[in-house]
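Please look at the structure on the screen while I go through its main features.

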Amino acid sequence: MKEKTWFSYYLKSISGVIGGILVLVMFTISILSALGITPHDPLIQDPVNALQGPSAQYWFGTDQFGRDILSRCMDGMRRSMLVSVVAVSIATLVGVILGIVGGYFGKFLDGFVVRFSDVIFAFPAILLALAIVNSLGNSWIDTSLAIAVVYTPIFIRVARGPVLSVKEMDYVKAVRILGFSTPKVLFSHILPNVLPPIVIQVALSMSWAILTESGLSFLGLGTQPPDASLGLMVSEAQSLAAFAWWTLAFPSLFITIAVVGLNLVGDGLRDSLDPARRSS
Amino acid sequence: MNKRLPSTVFFTRLASVITTLFGISIFVFIVLRVIPGDSITGSLGIETGALTPEQIESLRAYYGIDKSLFGQYFSWMGSFLTGDFGFAYSNGVSVLELTKSALPVTIQLALFGTIFGVILGISVGMFSASKPGSVRDFAGQFFGLLALAVPGFVLATTLVTVMANVFGYFPNGFEYMSPWEDPWMNFQQMMFPSLVLGIAVAAPVMRTTRSALLETVDKDFIRTAHGKGVKHRVVQFKHVLRNSLIPIVTMTGIQFGYLLGGAVITEKIFAMPGMGRQILDAINKREYATVQSSVMIFAIMFVLINLITDIIYRRIDPRIK
């Protein structure tokens with residue numbers, strides 16, 4: 001019988017499929033916005049149509065400057081996704097390398113890596129990101145770097161743990177005796193066997209990165225007006241929501257859908273990558 | 001400390017805690033020096049450009065930033081260890097004085113939030129796990145997912161809008177009252193921010209509770225308990241919940257630690273004069289001593305909470321050595 005791939009297991013997970021669809025929708029929206037395909041220009045002001053409720057022309061209504069909220073939500077989602085993807089990519093790359101190398105070599109290097117991740121862990125995430133964005137600046141790349149620093153230790157831990165047990169296994173000893181170079185042992189033989197928890201962590205971290213990014217822009221760091229960002233839109237809606245609910249509801253909904261989607265994808269991956277949890 | 005903990009283990013842990021705290025102190029110190037601007041531009045803004053070199057020199061001496069980085073680090077460390085935590089120039093008092101009023105607010109908020117979150121999380125978790133795969137399980141999990149995904153600031157903004165505009169009730173609009181001045185007002189002001197924080201805590205607690213319960217229910221001793229005729233409710237609480245507590249306590253400890261530091265946004269929205277706001281203000285004003293000392297206080301509390309969770313483990317499960 002043909003061996004089932006993880007993907008066929010993934011498709012059996014209801015949460016994985018729903019999450020996958022939600023994430024795909026948000027990605028598509030981001031790409032459309034990047035290509036400039038939005039119903040209106042997210043930046044163009046139209047004072048005559050300020051604070052209009054949802055209508056056929058403005059599906060999500062307009063804000064205090066008469067800008068189309070749907071277009072701004074799309075643009076904001078693009079920024080959140082961009083920051084989330086870049087930040088988590090950096091965190092994964094750096095964290096996994098440090099974790100694997102530290103776990104494999106042990107001793108002083110490992111002690112340093114573990115201590116470093118403890119230091120960052122004991123720091124409240126949002127405060128750390130806040131201080132770093134404050135020192136770097138407000139472009140999306142600065143926000144990404146700040147979030148990457150915050151999430152690197154998680155990947156160090158996730159990668160290091162399994163390496164500690166895998167490196168003692170016979171097959172690793174065998175490839176070492178066969179004379180494979182250390183990088184080859186690390187990345188061709190050990191990495192694939194510690195990959196599943198890392199992949200799951202990527203999905204979850206992306207959802208937290210979106211929350212952190214919107215939190216920072218809510219506090220006025222990161223994306224600056226007039227550019228659109230979901231956190232900034234919620235922040236501006238604080239004084240408007242009482243009489244214009246749509247200014248608060250739609251950006252909040254966008255953040256929530258993206259975070260729910262990524263979390264469900266994480267659940268789906270967990271169910272399909274962990275042999276013990278594969279049902280039937 | 002616990003007698004069952006061998007002294008070598010205790011000392012290794014103590015040593016690692018101290019090196020971690022030392023690392024944090026250096027890390028904050030460096031991050032702050034990298035931020036453009038200093039205490040002078042932080043307090044005077046663009047007027048700094050109008051200062052003569054002599055004035056700048058004397059201001060640098062006043063703020064203590066004329067010393068070398070080593071000098072600055074050690075003079076701060078000195079004042080941190082001797083207990084006044086350094087001087088907050090823009091407030092004109094020591095950081096200790098600031099912290100004395102701000103820390104209780106944050107601790108009260110985090111405690112209320114955690115208690116609410118744990119009660120909510122465990123209840124929904126038990127509700128969900130009582131019938132896996134059923135509609136109620138689905139509803140519970142859906143709640144957990146939403147609580148995880150709706151950002152605190154969205155929830156807070158919505159609460160403020162609805163409460164203030166629909167019900168005309170908004171206790172946080174008044175000046176903050178400590179529980180000693182006006183307990184009833186204090187409670188009303190704590191209510192909404194704790195609710196927001198509590199929901200954030202409830203999500204992971206609910207998920208942990210559910211999976212821990214489902215794991216325990218399958219164990220032999222539960223079947224035995226049912227078999228010898230123990231009432232269902234008693235089995236649920238005394239056998240199943242008790243034996244699932246360890247992961248729940250771990251998760252609660254982690255969440256409490258996060259709340260202490262992560263309440264920045266909530267404190268800001270609800271105008272609570274806690275540690276989060278203190279740090280936020282201090283970062284903007286480049287009050288080095290305030291930021292450094294506040295972060296150290298957070299870090300020490302974080303480490304202490306880890307230690308306390310460890311001790312609670314031993315209470316719950318005597319098998320842990």
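Predicted model: local features only at pLDDT ≥ 70, side-chain atom pairs only at ≥ 80, totals over all residues.

In chain A, if we take the contacts between residues at least 6 apart in sequence, 71% of them join residues at least 24 apart. The predictor gives the complex an ipTM of 0.85 and a pTM of 0.86. For chain B, the pLDDT averages 82, and 92% of the residues score at least 70.

Chain A has 280 residues, and 51% of them count as buried.

I now turn to the place where the two chains meet. How many residues of chain B are in contact with chain A? There are 30 residues of chain B in contact with 31 residues of chain A. On the side of chain B that touches chain A, the elements giving two or more residues include α1 (7–34), α10 (232–262) and α13 (288–316) of chain B. The largest share of that side, 7 residues, comes from α1(B). By residue type, the side of chain B that touches chain A divides into 21 nonpolar, 9 polar and no charged residues.

Finally, some details of the backbone. Most residues other than glycine have a negative phi, and most peptide bonds are trans.

A:Pro225 and A:Pro226 are joined by a cis peptide bond, with omega about 5°. A:Pro226 is found in the loop between α8 (182–218) and α9 (230–237) of chain A.

Next comes A:Lys107, a residue other than glycine whose phi is positive, near 55°. A:Lys107 belongs to helix α4 (residues 107–121) of chain A. Is A:Lys107 buried or exposed? A:Lys107 counts as exposed because it has 8 C-beta neighbours inside 10 Å, and the cut-off for exposed is 12 or fewer.

B:Ala271 sits in the loop between α11 (264–269) and α12 (275–285) of chain B. Why does B:Ala271 count as partly exposed? The reason is that B:Ala271 has 14 C-beta neighbours inside 10 Å, and partly exposed lies between the cut-offs of 12 or fewer for exposed and 20 or more for buried.

Thank you for your attention.

Notes. Residues numbered from 1 in each chain as written. Chains lettered and ligands numbered in written order. Helix = DSSP H or I, 4+ residues; strand = E, 2+ residues; numbered from the N terminus. pLDDT = per-residue confidence, 0-100. Contact = placed C-beta atoms within 7 Å. Nonpolar A, V, L, I, M, F, W, Y, C, P; charged D, E, K, R; others polar.
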